[in-house]
Amino acid sequence: MQFSSFAGNKDVVGWLAELLRSGRLPHALILEGPEGSGRRTLASIVAAGAVCSGIGERPCGRCLDCQKVQKGAHPDIFMVSGEGPRSFHIDVIRRIRNDAYVLPNEARRKVYILANAEAMTEQAQNALLKIFEEPPAHVVFILTCRDRYQLLPTIVSRAVTFALFAPDFEEAVRAVREREPKAREEEIRRAVEIAGGYVGVALKLLEKGGLSAAFELAGKVAKACLAGTELELLMLTANLPRDKELFRSMLNVLALIFRDVMAAKAGSRVMVSGLGDLGFELSQKMTVAHAAAALEVAGETGRALDSNANAALLCTRFCAALRRAVGK
Ligand SMILES: [Zn+2]
């Protein structure tokens with residue numbers, strides 16, 4: 001995989017390619033962006049570039065090092081990943097620290113990818129800081145995280161941070177189509193829309209039938225917030241804290257539904273959510289102010305989810321706020 005295959009983020013990609021080409025790659029990089037923004041994909045491309053032995057553009061995709069990277073078998077690239085808060089312990093960093101001072105096996109550099117770096121405990125980060133302060137010349141660290149502010153400021157100040165954003169709509173559609181050539185065009189476009197343009201999220205939606213799950217649930221939630229009791233809403237959303245991806249995509253579909261309600265109120269016959277007449281149906285039961293407030297709740301909850309708020313608490317708050325928004 002090469003830089004040209006990475007969707008969007010042209011500035012970041014351009015800078016990284018230039019740093020590699022000119023041999024000025026820093027010892028520590030942070031790739032920051034939300035879930036599905038391509039942090040790991042880009043980390044792998046940079047790692048390949050750092051060990052590439054080709055001439056000119058790196059990674060070249062042709063040299064022996066690049067070929068090994070493509071097989072996932074380069075002996076100088078290491079990846080560790082934290083899964084869940086504080087799951088990334090000091091012993092992992094200590095092992096890396098011992099290994100970092102040993103010369104590379106084959107390439108000019110050794111690369112350590114620390115994915116979900118915000119999962120590092122404070123002790124782990126402090127241990128990492130010791131290597132950051134005096135890194136061996138042959139070592140490159142690539143940290144990926146959702147939000148740099150969840151890392152110690154001393155770590156961030158010794159690294160160069162690159163923030164990733166969603167590519168524009170058509171570019172995201174192209175990237176998803178390339179990787180899912182069998183998916184229907186309409187499905188791809190809908191997945192990209194619900195994923196907020198993030199290619200990784202859209203791919204996951206297509207992969208597990210997540211798209212229909214998100215639509216089905218959002219439709220039920222929209223109806224339940226207007227009818228029944230809060231308990232009904234709590235039960236419908238009970239699994240969401242354990243499935244943040246579904247939570248996120250459900251919120252995105254919900255936002256489309258409330259936009260449909262507002263459009264219906266304004267006399268439009270065109271519904272964007274793709275949930276048929278649901279927008280019209282709901283528009284009979286709510287005011288424009290209700291729909292606007294509910295839209296705001298969906299957006300706010302999504303932002304809180306992105307910033308890694310406690311999902312269980314957030315889900316409960318979401319149910320209460322949604323009912324309040326529609327005047328229940
Ligand atoms: Zn190469």
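Predicted model: local features only at pLDDT ≥ 70, side-chain atom pairs only at ≥ 80, totals over all residues.
Setting aside neighbours within four places in sequence, methionine 250 is in contact with Ala214, Leu217, Ala218, Val221, Leu240 and Phe318. Met250 also belongs to the largest nonpolar core, a set of 59 residues, where Met250, Leu254, Phe318 and Leu322 touch the most other members.

Who else builds this core? At least two residues each come from α7 (169-179), α8 (185-194), α9 (199-207), α10 (210-226), α12 (244-265), α13 (278-283), α14 (288-306) and α15 (311-325). The largest share is from α12, which puts in 11 residues. If you think in domains, domain 2 (169-207) and domain 3 (210-325) each give this core at least three residues. There's also a second, separate core, with 27 residues, and among them are Ile93, Leu128, Phe132 and Leu152.

Now pick out α8. Its residues Ile188, Ala191, Val192 and Ile194 are buried. Look down the helix axis and you'll find the buried residues of α8 within an arc of 165 degrees, so they line one face of the helix. And what lies over them? The cover for the buried residues of α8 includes α7, α9, α10 and α12. After α8 comes glycine 196, with a positive phi near 65 degrees.

Next, head over to the metal. A zinc ion has Cys52, Cys60, Cys63 and Cys66 as its protein donors, each through its SG atom, at 2.3 to 2.4 Å. Why is the arrangement called tetrahedral? Because the four donor atoms subtend angles of 103 to 115 degrees around the zinc ion, and the tetrahedral label asks for all angles between 85 and 135 degrees. Along the chain, the donors follow the spacing C-x7-C-x2-C-x2-C. Two of these cysteines, cysteine 60 and cysteine 63, are both buried.

While you're there, look at proline 59. This residue sits in the loop between α2 (39-51) and α3 (64-70), and a cis peptide bond joins it to arginine 58, with omega at about -5 degrees.

Finally, a couple of asparagines are worth a look. Asparagine 9, found in the segment before α1 (10-21), has a positive phi of about 50 degrees although it isn't a glycine. Is asparagine 9 buried or exposed? Its relative accessibility is 14%, and buried means under 20%, so asparagine 9 counts as buried. Asparagine 116 is in the loop between β3 (110-115) and α5 (122-133). Its phi is positive too, at about 50 degrees, although asparagine 116 is not a glycine. With a relative accessible area of 17%, asparagine 116 is buried.

Terms used:
Residues numbered from 1 in each chain as written. Heavy atoms only, no water. Donors = N, O, S within 2.8 Å, 3.2 Å for Na, K, Ca; no water. Tetrahedral: all angles 85-135°; square planar, octahedral: opposite > 155°, others 65-115°. Buried < 20%, exposed > 50% of the residue type's maximum accessible area, 1.4 Å probe, protein only. Core = buried A, V, L, I, M, F, W, Y, C linked by side-chain atoms within 4.5 Å. Helix = DSSP H or I, 4+ residues; strand = E, 2+ residues; numbered from the N terminus. Domains from an automatic or database assignment. Contact = heavy atoms within 4.5 Å. Arc of directions from axis to C-beta.
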